[in-house]
Amino acid sequence: MEQIEQAVRCALDPESTPDVKAQATQYCEQVKKSPDGWQVCLQLFTKVPERGSETRLFALQAIEAMIADAGTRGDASGAAAKLDTARKILLEFVSTQYSGDRYSNEPGFIKNTLAHTITMLGLATYPAQWPTFVKDLIGLAGIPDATGPLSEEGAGGVSVAGLSPTLVDFLLRFMGSLDEEMVSRAVPRGAEELARNTEIKDAMR
């Protein structure tokens with residue numbers, strides 16, 4: 001972990017020499033492409049006390065690289081097990097670390113990137129492996145009856161007493177990321193993405 005942190009700092013440091021910056025950048029790319037790099041980065045991101053923000057941002061980028069690779073390789077590369085591990089650890093992190101005071105001190109770009117990482121994880125595993133990914137995020141925020149459609153009568157009886165303000169905020173970031181990836185017409189998409197999104201929307205209906 002220390003080597004990754006040092007490499008990220010050197011790659012981003014404006015005072016690093018071109019050679020040092022190039023070597024650090026190359027090392028970071030090797031971490032992303034290595035078979036177990038994402039696991040180290042998963043530990044790095046969730047470590048308590050937390051590491052530097054730039055390092056944690058890189059860790060999420062490495063995890064997203066694994067998600068993208070797993071989505072194209074399928075079970076031949078043990079994709080299901082990798083994605084399941086990432087899902088469990090990241091949701092546990094959100095549930096335990098973002099439900100209190102730490103959330104207010106977390107940089108906004110880390111919150112947004114984590115929301116995007118979980119979005120990409122959900123899209124890569126829905127519906128076969130993680131059919132409840134949206135409901136699970138809603139449930140984390142403390143919103144009741146996240147297992148089915150909420151009727152008008154039920155909505156009127158929902159109490160805010162059980163809601164977690166910090167997790168509701170994170171849920172909104174997640175929903176914004178999901179909209180950007182699947183719904184928003186302002187985002188250009190290739191044929192493969194359009195086909196994926198259509199398949200997911202059909203499964204959700």
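Is lysine 32 buried, partly exposed or exposed? In this predicted model, lysine 32 has a relative accessible area of 25% and is therefore partly exposed. Its salt-bridge partner is glutamate 29, with the closest N and O atoms 3.8 Å apart. Glutamate 29 is likewise partly exposed, at a relative accessible area of 34%.

Helix H2 (18-33) and helix H4 (53-73) each contribute at least two lining residues, and H4 gives the most, with four. By class, six of the lining residues are charged, four are nonpolar and one is polar.

Ten salt bridges were counted in total. One of them joins arginine 102 to glutamate 50, again with the closest N and O atoms 3.8 Å apart. Arginine 102 is in helix H6 and glutamate 50 is in the loop between helix H3 (37-46) and H4, so the contact ties together parts 52 residues apart in sequence. Arginine 102 is buried, with a relative accessible area of 14%, whereas glutamate 50 is partly exposed at 43%. In helix H5, aspartate 84 and arginine 87 lie three residues apart, about one turn of the helix, and their side chains form a salt bridge with an N to O distance of 2.5 Å. Aspartate 84 is partly exposed, with a relative accessible area of 21%.

Arginine 87 additionally lies over the face of tryptophan 130, at 5.5 Å from the ring centre. A further arginine, arginine 56, is placed over the face of phenylalanine 45, at 4.4 Å from the ring centre. Phenylalanine 45 is part of an aromatic cluster with Phe93, Tyr98, Tyr103 and Phe170.

Aromatic pairs number seven. Tyrosine 98 and phenylalanine 170 make an edge-to-face pair, 5.5 Å centre to centre with 65° between the planes. This pair links distant parts of the chain, 72 residues apart: tyrosine 98 is in the loop between helix H5 (79-97) and helix H6 (102-105), and phenylalanine 170 is in helix H10 (residues 165-182). Both residues are buried. Tyrosine 126 and phenylalanine 133 also pair edge-to-face, at 5.5 Å and 65°. Tyrosine 126 counts as buried because its relative accessibility is 14%, and phenylalanine 133 counts as buried at 1%.

Conventions: Residues are numbered from 1 along each chain as its sequence is written. This is a predicted model: local features need pLDDT of at least 70, side-chain atom pairs count only at pLDDT 80 or more; totals for chains, interfaces and linings use all residues. Side-chain values use heavy atoms; hydrogens and water are left out. Ala, Val, Leu, Ile, Met, Phe, Trp, Tyr, Cys and Pro count as nonpolar, Asp, Glu, Lys and Arg as charged, and the others, Gly among them, as polar. Rings of Phe, Tyr and Trp (its six-membered ring) pair if their centres lie within 6.5 Å; planes under 30 degrees apart count as stacked, over 60 as edge-to-face and the rest as tilted. Buried means under 20% relative accessible area, exposed over 50%, partly exposed in between (1.4 Å probe, protein chains only). A charge sits over a ring if NZ of Lys or CZ of Arg is within 6 Å of the ring centre and within 35 degrees of the ring normal. A salt bridge is a side-chain nitrogen of Lys or Arg within 4 Å of a carboxyl oxygen of Asp or Glu.
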